Structures are given as C-alpha cells and as structure tokens.
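Hi,

Here is the structure I said I would pass on. Have a look at it, then read on.

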Amino acid sequence: MSKKNFVFVALFLFMSVGLYAQKWEHVADAPQMGWSTWNKFQGNINENVIVGIADAMVTSGLRDAGYVYINIDDCWHGNRDADGFIQADAKKFPHGMKWLSDYVHSKGLKLGIYSDCGTQTCAGMPGSLGHEYQDALQYARWGIDYLKEDWCNTINVNAKGAYQLMSDALRAAGRPIFHSMCEWGDNKPWKWARDIGHSWRVGPDIWCSFDSLRVFPTYVQYSVMDCIHKNDTLSEYAGRGHWNDPDMLECGNGMTVSEDRAHFTMWCMMASPLILGNDIRNMSQDTKAIITNKEMIAVNQDSLGVQAWHYSSDQGLEFWFKPLANGDWAMTVLNPTKNTVKYDLKWQNFNITDTQVSKKSTDFDKIIYKVRNLWTHKMEGKTMLKSKKCRTLTVPSHDVVAYRLIR
Ligand code: GLA
C-alpha cells in the first residue's frame, strides 16, 4: 500500500470508529420514548400484535410525537439452537425477528427486545447468563435497537459485573443498542451504572393504581405515587446518557383521566423513560391527548437533562421544579390527596437553586416569567417580583397544575 493510500485508510478507520462511538454516545441524550408489550399484554404477544402496534404508532401520531421504540418484553423466546444462539418462538413470530425489525424500521421506528442477567427470565424463558456475547450478536444480526435486561434467577451473580458484561458484548456486536437495566434498584445501580447502560429501574414493577401498594407473599408492586416517591430521592443521579427509570407508563390502562394526567406529568418532570403500556391500537381521545401532549413531552426531553425534584409540600400538595435548557423552568403542583385543594401561591416562597446539577436559580425576585399552563395550553399571566397578591390555584384530587415558566 502506498503511503498516500495508507493515510486514507487510516483516516477512514479513524472516522468510522469516531462515528460509531458518537452513535453510541447519543443513544440516550434524552430519556427513551416508546411502547412495550408488558403492561397490557404480558406474555400474550405475537407478530400480529407488534405489526399492529407499529402501524398504530404511525397513524395515531405517536411516532411523530417522539415515541420510536417498540419493545418486545418477556415471552418472545424459543430455544437456543445447537450452537447456543437464541431463537424466537416460531409460533408467535413465524417470520422471525429480522423480518419484524425490517418491518418496524420501514415505519421509521425501532425494535426492542428483552432478556435477563440470570439463567431464566422472570417468566421462565432462557436467560443470557453464559450467553451474553452470543445474544448480543444475535440481537445485532436481527437489527435490534434496544435491550431491556432483567434480574430474575440471578443467585450469586454480581449485578455490576453482569450488566458490564452485556454492555461489553453489545459494543462488541457493533450495533448501537439502548441498554435498559432492570434490576429493580436492589443493588443501587444509580451509584455504579451510569457508564454501563443508559437507564436503570429504581424500584419494583408498577401496576395500574394511583396510590395503592400491591403486596404479594414474595414481592410488591408499586403504584404511581410509590414510584414517584422512590424516584424522588435519586434526582442527582440522572442526566444525559443515564436515566433513572421508575418503570413504564400505565396511562390508558384504567386509572381516571386526572390520574393518567398526573402520572404522565410526573414522568415528564422526572426525565423518566416514556414507555407506553396501553393498547395504542384502540385508545380513548383522552388517553391520546395526554400521551401526545407535545409541550409536556418537551419538558421530558429537554436537553439540560435535569430530573425534577420535590422542593416542598403544603396543604397536602407537592411542589416540583425542573430547570430547562433555555432558562425556563417547569413547575408542577401535584395533589395526591382525596380532595380538591385551593392554594394561594406566592412566587417568593419558591426562590430556589438547583445546587446538585445545573446550579440554576428561579430568582423570582429578579426575573419575571410568563406563565404557560401545559395542560390548557394557555398563557396565564406572569410571575411577580414582589407578590403582594397571591395566585390562587385549584388543584383537583389526584391531578396536577403544570406550568412552564418562560423567561
Ligand atoms: C420483571 C420486570 C417487568 C417485566 C417482567 C417480565 O418483573 O420488572 O418489567 O419485564 O419481569 O416477566
């Protein structure tokens, strides 16, 4: 090879590696948005469901609102072949996973899949333990874009080591794949996982309830409020590329419209993954309006990447704040009580600074913000430098008032 050719080849390789690294790096710039089979369908899944959901993602406008991942959760698996490569269940997925990912990609969407760090998944399907590199290679060959990796059947497995192993395997397989770690917060992944995967579950599974903990003999399921309060302690650990995951959305699965709105608002405020869990082929106008609220989604996807924190409580209401990249703030007043609460709000009581991440301050004594209601989509006047008069808020039970304070 001539010296000149050598320089070209070296430059090409250098740029390819750079581009590849860049793609990996940007996989989780904002919290992931998509849909998953689990909350609505559990194990009752097949190719028709996925194709129907992919079609509905486009026709309902969800894709254009930002929801791109279609994630197949537990129970897609067949057996491993003679060489140990995992196969899809041929009855449920007769055309195979490569065909399905081609279909999903043709719609401008991405395909996710599910595995487990242990010997078996939570539903007893083959886990990845001892097959990490083979599984990652198979997913890459199939054109998979997202892996949720669960934590069942992991006796004597070290969590950090197990997730690092799969992370290495995914990188070696060569296809950028979002790595969603799901070990339920057992080993405090927020302390060690930020450079391993892209998001980590912070607690047990959610179920479709606003505020009732569901207790089984060996495990619990969290309500929306349980998820919020668990995640509330962890805001300092979230940021671009690594997100706390309080679990998937239950909007449209049976809570009231107020509860769905509060649930969705809080996931947006907390920069949480927005993974829908309802049957989007067949949803009410109310559900659709909630999950496609673009102003609310913009709060979730904001490039500053700060998770809101619960600043104070008063009269049973919770006051949450999230600084945004352009100097605006998102503010939510959440009412977890059983009654409507009327509240006289004085801006000066909320002169706060994000000391942990962005160092930004609300500075209500110096800055006048325009107040945008993120659910009525109307302007509601301005903040005041010296609040002599209070703004009276009416916050219905299990609902929110959510504002964007615009500079
Ligand atoms: C665990 C996970 C859930 C779901 C099921 C599937 O419980 O936390 O989100 O993936 O397994 O079996």
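The model is predicted, so local features need pLDDT of at least 70 and side-chain atom pairs count only at pLDDT 80 or more, while totals for chains, interfaces and linings use all residues. Residues are numbered from 1 along each chain as its sequence is written, and side-chain values use heavy atoms, with hydrogens and water left out.

**Helix α7**

Helices and strands here are DSSP runs (H or I, at least four residues, for a helix; E, at least two, for a strand), numbered from the N terminus. Helix α7 covers residues 159-173, and its 15 residues should span 21 Å at 1.5 Å a residue; the end C-alpha atoms are 21 Å apart, which agrees. The expected span is 1.5 Å times one less than the number of residues.

Which residues of α7 are buried? They are A159, A162, Y163, M166, S167, A169 and L170. Buried means under 20% relative accessible area, exposed means over 50%, and partly exposed is in between (1.4 Å probe, protein chains only). The spacing has a simple background: an α-helix has 3.6 residues a turn, so residues three or four places apart point the same way.

At the N-terminal end, α7 is capped by N158, which has a side-chain oxygen 3.2 Å from the backbone nitrogen of K160. After the helix comes G174, with a positive phi near 90 degrees.

**Pockets and cavities**

Both are found on a 1 Å grid over the protein atoms alone: a cavity is a set of points where a 1.4 Å probe fits but cannot get out, a pocket is an open set with protein on both sides within 12 Å along at least five of seven lines, and lining residues have an atom within 4 Å of a point. Grid points are joined across faces, edges and corners, and a volume is the space filled by probe spheres set on the points.

The largest pocket has a volume of about 410 Å³. It is lined by 26 residues, and W38, R201, D205, I206 and Q221 are the closest to its centre. Elements giving two or more residues to this lining are α2 (38-41), β6 (146-150) and β10 (220-221). By class, the lining of the largest pocket has 14 nonpolar, 3 polar and 9 charged residues. For these classes, Ala, Val, Leu, Ile, Met, Phe, Trp, Tyr, Cys and Pro count as nonpolar, Asp, Glu, Lys and Arg as charged, and the others, Gly among them, as polar.

The second largest pocket comes to about 200 Å³. Of its 13 lining residues, E25, R171, R194, H198 and G241 lie nearest the centre. Helix α1 (residues 3-26) gives the most to this lining, with 3 residues.

The largest cavity holds about 140 Å³ of space. Among its 16 lining residues, Y146, K148, S180, M248 and I275 lie nearest the centre. The second largest cavity has a volume of about 30 Å³ and is lined by V202, G203, P204, Y222, C227, K230 and P246.

**A few single residues**

N373 sits in strand β17 (residues 370-373) and counts as buried at 9% relative accessibility. Its side chain reaches the backbone nitrogen of T376 at 3.0 Å, and a polar contact of 2.9 Å joins the side chains of N373 and E380. A polar contact is a pair of N or O atoms within 3.5 Å; within protein, one must be able to donate a hydrogen and the other to accept it, and residues adjacent in sequence count only if both atoms are side-chain atoms.

D135, in helix α6 (residues 132-142), is buried at 1% relative accessibility. The side chain of D135 makes a polar contact of 2.6 Å with that of S128.

Finally, A271 lies in the loop between α9 (257-269) and β12 (274-276). A271 is not a glycine, yet its phi is positive, near 50 degrees.
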